[in-house]
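Good morning, colleagues. Please take a moment to look at the structure before I take you through a few parts of it.

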Amino acid sequence: MEEAGIEDPVVFEEDPGTSSRLHPLQRPKFGELLTYAQPGDTVHISEMFRLVRGTGHILDVLDVLHRDQVALRIHDGAFSAMDLTARHPRTGELLSTVKFMVQTLAAASELQRDLQRELTYDGLRAAEAKGSRGGRRPAVPADTTDVVRAAYLEGRSIAALARDHGVSRGAIRTAVADLLPGHTATEEEDAPAPELLATLDMPGKVADFLRAAELEPAERAALDEGQAVRRGTGYTLRVSAVPAVHRQLLDRCQPLDGGQGVQAVPAQRKARREYENRVNALVSSQASAAPRA
């Protein structure tokens, strides 16, 4: 702030876990900033795309700042040399040249991000085709699991095996889980079959809300691994997860329906209900396909 020549700044820092896809006008800290700012104040941002992602978001922010008579200063990036608050003296609308440059630069940056994401997905698919799997590797490598199991059957203790292989006792227990006392084959036979992954298209407004919510690790992983699919000016997130995770995500976005002092946004409520219909259809299809005793 001192380098930018700002005296006595009031700093509003968004939670690092806040999704960059969430509309800036829905972000808690940016809402606090707008409430705090007074006519004549200036909002300073290091780089525009720390706050917004798409053209619509930028124009929405500029309209709100103009309404509140608050100036905007971008310090780095393509927008740093532009007066984004320049408006026609009679109509009060953004100058056509400013609007054109904002839309052009935002579209170019959005295209760059989409291309990077597509290349990332292509790389992951290529790695999977070669047999490489993502995620954390097992603590006990597959090529030594048989050795660990054989040593355990010969009477070697779990603690000793953990020392021998430089792993935790829990890792050894995982490798010999079916050999531990109390484990029976009947338990495995009676256990319910694992749920298969199901792919559903989640409306972008639902995905934006969930990314900013507190989620369980499985829920967060499903969102992070989802594939964005453009739909006109919006998008859907193609999420692959077991049905139980889809149901949990549906429960998480219940606030979009409003209630408890929260005013619902019609577009968000519609998006949540679309996702609800898809999850319910998935559950119904599973129930009808389940074998009957």
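Which residues are exposed on the other side of helix 9? They are P217 and D224. Please keep in mind throughout that this is a predicted model.

Let me stay with helix 9, which covers residues 217-224. Its buried residues are E219, A222 and L223. Viewed down the helix axis, the buried residues fall within an arc of 95°, so they line one face of helix 9. In general, an α-helix has 3.6 residues a turn, so residues three or four places apart point the same way.

I turn now to helix 1, residues 28-36, where we find Y36. Setting aside neighbours within four places in sequence, Y36 is in contact with V10 and F12. Y36 and V10 are 26 residues apart in sequence, while their C-alpha atoms lie 9.4 Å apart in space.

Finally, a word on confidence. The protein has a mean pLDDT of 76, with 77% of its residues at 70 or more. Over residues 185-193, however, the pLDDT is below 50, and this stretch has 3 contacts in the model beyond near neighbours in sequence. Where pLDDT is low, the predicted coordinates should not be read in detail.

Thank you for your attention.

Conventions:
Residues are numbered from 1 along each chain as its sequence is written. This is a predicted model: local features need pLDDT of at least 70, side-chain atom pairs count only at pLDDT 80 or more; totals for chains, interfaces and linings use all residues. Side-chain values use heavy atoms; hydrogens and water are left out. pLDDT is the predictor's confidence in each residue, from 0 to 100. Contact means heavy atoms within 4.5 Å. Buried means under 20% relative accessible area, exposed over 50%, partly exposed in between (1.4 Å probe, protein chains only). Helices (H or I, at least four residues) and strands (E, at least two) are DSSP runs, numbered from the N terminus. The arc is that of the directions from the helix axis to the C-beta atoms.
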